[in-house]
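Keep the sequence and the 3D view open while reading.

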Amino acid sequence: KIHPATKTFQAIRIAVNGELEQLETALHQALRVMRKGAPLCVISFHSLEERIVKRFIRREYQGEQLPPDLPVVQSQHRPRLKPLGKAIRPGRAEVDHNPRARSAVLRVAERLQ
């Protein structure tokens, strides 16, 4: 269903436009302007974006993964985001109606502080 050159052109577009860096920047900026209790909803359309969003939410909830021998206590971390539910993917009916939705993933988190 997908032309063989599609992924190649997608990779070139992502690199030329700096899309992954822009996404990371946008997530940090969104977190800065959000009020307590506000939802952060992000739809990603390919696995590279999905990984960035998932790791960003996890890092803001759990903190940085530190080596166990460091004298920093994990309890000193104050989470700024809390994930709400699991990733939401389109159902079969939605993909049949809109084939471009097949790779979409929605993640939602709540601003804590």
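## Pocket, helices and sheet

Q: How do the residues of the lining of the largest pocket divide into nonpolar, polar and charged?
A: The model is a predicted one. Its largest pocket holds about 450 Å³ of space. Its lining residues divide into six nonpolar, five polar and four charged.

Q: Which residues are the closest to the centre of the largest pocket?
A: The pocket has about 450 Å³ of space. Its lining counts 15 residues. The closest to the centre are Thr6, Gln10, Phe45, His46 and Ser103.

Q: Which helix supplies the largest share of the lining of the largest pocket?
A: Helix 1 and helix 3 (47-62) each give at least two lining residues. The largest share is seven residues. That share comes from helix 1.

Q: What residue follows helix 1?
A: Helix 1 covers residues 6-17, 12 residues in all. From first C-alpha to last it reaches 16 Å, close to the 16 Å expected. The residue that follows has a positive phi, near 60°. That residue is glycine 18.

Q: Which strands are the edge strands of the sheet?
A: The sheet is open, with three antiparallel strands in the order 1-3-2. An edge strand pairs on one side only. The edge strands are strand 1 (39-44) and strand 2 (81-83).

Q: What is the bridge partner of isoleucine 43 in strand 3?
A: Strand 1 and strand 3 (residues 105-111) run antiparallel. Six bridges join them. In strand 3, the partner of isoleucine 43 is leucine 106.

Q: At what angle does helix 3 run to strand 2?
A: Helix 3 lies across strand 1, strand 2 and strand 3. Its angle to strand 2 is about 120°.

Notes. Residues numbered from 1 in each chain as written. Predicted model: local features only at pLDDT ≥ 70, side-chain atom pairs only at ≥ 80, totals over all residues. Heavy atoms only, no water. Helix = DSSP H or I, 4+ residues; strand = E, 2+ residues; numbered from the N terminus. Expected span 1.5 Å × (residues − 1). 1 Å grid on protein atoms, 1.4 Å probe; cavity = no way out; pocket = protein on both sides within 12 Å on 5 of 7 lines; lining within 4 Å. Points joined across faces, edges and corners; volume = space filled by probe spheres on them. Nonpolar A, V, L, I, M, F, W, Y, C, P; charged D, E, K, R; others polar. Pairing = 2+ DSSP bridges. Contact = heavy atoms within 4.5 Å. Axes fitted to C-alpha atoms, helices over the stretch in contact; angles between N-to-C directions.
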